[in-house]
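Reader: I am new to this structure. Could you take me through it in short steps?

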Amino acid sequence: GLTLITSNADAEASGVEIETAWALTDNITLGGSYTHLDASFVSDAVSGSGTLAYEGNALPRSPETQYNAFADVEWSALGGDMTARLQYQWTDEFYFDPSGSPEVLEDGYGLWSAFASWESSTGMRISAYGKNLGDEEYRVHIIKNVGVGFSVFGPPQEFGVSISQRF
């Protein structure tokens, strides 16, 4: 078997997060959030096979910038209530492990999504959605081990419809 003993490296992180929503009217809401993160190793790690040069590298899965923006709209239509949302989410580049190697770097990416729903006064609801509308290819996980690795990708463009009834 493989035995690996590693001491943790020291790290520092600081940042800011802002979230807001504005009700422009009784029917329209705009909102979003912004996150800025500065997270990095301030020392190397030590393993049974030597020093792991982490100092100065970004912490894994710590994008410097993330933000999202959305618009929600509600109105009466066809004897019921309509709701709709359009949303954009940005994630800056980040590393999946502490090595800082290019093969574990995920480029920044943006995802668009949309949702619309109509509900009758009797409780029937018809909904439609679209996720990853730009069909962006992005990774949600990278596993790398001794020169061999693989990636797990996020879902591709997706659309769906649902019909439900409340009793």
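Author: Start with one term: a strand is a DSSP run of at least two residues, and strands are numbered from the N terminus. Keep in mind that this is a predicted model.

Reader: In which strand does glutamate 106 lie?
Author: The strand in question covers residues 105-106. A run of at least two residues counts as a strand. Glutamate 106 therefore sits in a run that qualifies under this rule, and its name is E8.

Reader: Is glutamate 106 buried or exposed?
Author: Buried means under 20% relative accessible area. Glutamate 106 has 5% relative accessibility. Because of that value, glutamate 106 counts as buried.

Reader: With which side chain does the side chain of glutamate 106 make a polar contact?
Author: Look at what glutamate 106 touches beyond four places in sequence: Glu93, Phe94, Phe96, Tyr138 and Arg139. The polar contact made by its side chain is 2.7 Å. The partner is the side chain of arginine 139.

Reader: How many residues make up the largest nonpolar core?
Author: Phe94, Phe96 and Tyr138 are among its members, and glutamate 106 touches these three. Phenylalanine 96 also touches Val104 and Ile142, which belong to the core too.
A second, separate core includes Ala9, Ala39, Ala45 and Leu59, and its size is 6 residues.

Reader: Which residues make the nonpolar surface patch of about 340 Å²?
Author: One of them is valine 16, in strand E1, residues 11-23. At 42% relative accessibility, valine 16 counts as partly exposed. The patch is made by Val16, Ile18, Tyr34 and Tyr67.

Reader: How far apart in space are alanine 21 and phenylalanine 70, C-alpha to C-alpha?
Author: Alanine 21 also lies in strand E1. In sequence, alanine 21 and phenylalanine 70 are 49 residues apart. Still, alanine 21 touches Phe70, along with Thr29, Leu30 and Gly31. The C-alpha distance is 9.0 Å.

Reader: How many residues apart in sequence are the parts that aspartate 72 and arginine 85 tie together?
Author: Aspartate 72 and arginine 85 form a salt bridge, with the closest N and O atoms 2.6 Å apart. Aspartate 72 is in strand E5 and arginine 85 is in strand E6, so the pair ties together parts separated in sequence by 13 residues.

Reader: Where is asparagine 132, and what is its phi near?
Author: Asparagine 132 is in the loop between strand E10 and strand E11. Most residues other than glycine have a negative phi. Asparagine 132 has a positive value, near 50°.

Reader: Is aspartate 135 buried or partly exposed?
Author: Aspartate 135 is found in the loop between E10 and E11. Its phi is positive as well, about 55°. Asparagine 132 is buried, at 6% relative accessible area. Aspartate 135, with a relative accessible area of 44%, is partly exposed.

Methods: Residues numbered from 1 in each chain as written. Predicted model: local features only at pLDDT ≥ 70, side-chain atom pairs only at ≥ 80, totals over all residues. Heavy atoms only, no water. Patch = residues over 30% accessible without salt bridge, like charges linked within 9 Å, V, L, I, M, F, W, Y side chains within 5 Å. Areas by Shrake-Rupley, 256 points an atom, 1.4 Å probe, with all protein chains shown as cover. Salt bridge = Lys/Arg side-chain N within 4 Å of Asp/Glu carboxyl O. Helix = DSSP H or I, 4+ residues; strand = E, 2+ residues; numbered from the N terminus. Buried < 20%, exposed > 50% of the residue type's maximum accessible area, 1.4 Å probe, protein only. Polar contact = N/O pair within 3.5 Å; in protein donor to acceptor, adjacent residues only side chain to side chain. Contact = heavy atoms within 4.5 Å. Core = buried A, V, L, I, M, F, W, Y, C linked by side-chain atoms within 4.5 Å.
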